[in-house]
Amino acid sequence: MSNTPRTPAPLTSLGGRSVLFVMAADAEYGPHLRERFVPFMTGVGPVEAAVELTAALAELQACGQLPDLVVSLGSAGSRELEQTEVYQATSVAYRDMDASPLGFEPGITPFLDLPATLPLPLRIAGIREATLSTGADIVSGAAYDTIDADMVDMESYACLRACTRFDVPLVVLRGISDGKAELHHVDDWTAYLHIIDEKLATAVDRLGEAL
């Protein structure tokens, strides 16, 4: 293993605040977002997001550079919300956690004093709002019947837990890339990412005005 120190996650000055933009995959980082910031890439899924973002925030804390805000951006699935539109998450739940055989409510992590759904209190004026469910699975078709949220992703709950550990607020912005039809191939996910890229960039501009 190399002993060379890692480069700290890139911070962006926005509205006079220090912001860490976090994304999961290069496919979601299109030309419009590239004009606005350099993101910290975690990789896909809740495990990668938790490990990588926690490590990044720890490194920034050690340098005395914890951001004022973390913004998680990317795509999400939804059977009900408008495809290609951008939404800000008002809450996030962890759909993978189910300790119900031990008497815990699904979504509740045993022995952790947190509700199944965690609020995301910060708001950006002019951006639609929706609830969010995070898990390690790709949700498609009938699987939406089991989801008690407006949209689904694979990283936001993990990002929130990492941010909570360092007392840094989180904003989650998601563009709806899929959900109306069954997913059969990666192209079904990427087909509208170029539109979402442009709309997420507009949301980032709104965030800058709000800050």
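This is a predicted model: local features need pLDDT of at least 70, side-chain atom pairs count only at pLDDT 80 or more; totals for chains, interfaces and linings use all residues.
Residues are numbered from 1 along each chain as its sequence is written. Local features need pLDDT of at least 70, side-chain atom pairs count only at pLDDT 80 or more, totals for chains, interfaces and linings use all residues, and side-chain values use heavy atoms, with hydrogens and water left out.

Q: How many aromatic pairs are there?
A: Rings of Phe, Tyr and Trp (its six-membered ring) pair if their centres lie within 6.5 Å; planes under 30 degrees apart count as stacked, over 60 as edge-to-face and the rest as tilted. By this rule, the count is four.

Q: What is the angle between the planes of Phe21 and Phe37?
A: A ring pair is described by the distance of the centres and the angle of the planes. Phe21 and Phe37 are stacked, with centres 4.0 Å apart and planes at 10 degrees.

Q: Are Phe21 and Phe37 buried or exposed?
A: Buried means under 20% relative accessible area, exposed over 50%, partly exposed in between (1.4 Å probe, protein chains only). Under that cut-off, both Phe21 and Phe37 are buried.

Q: How many disulfides does the structure hold?
A: A disulfide is a pair of cysteine sulfur atoms within 2.5 Å. The sulfur of Cys63 is 17 Å from the closest cysteine sulfur, in Cys163, too far for a bond. For Cys163 the closest is in Cys159, at 6.5 Å, also too far. The number of disulfides is zero.

Q: Is Cys163 buried or exposed?
A: Its relative accessibility is 0%. Cys163 therefore counts as buried.
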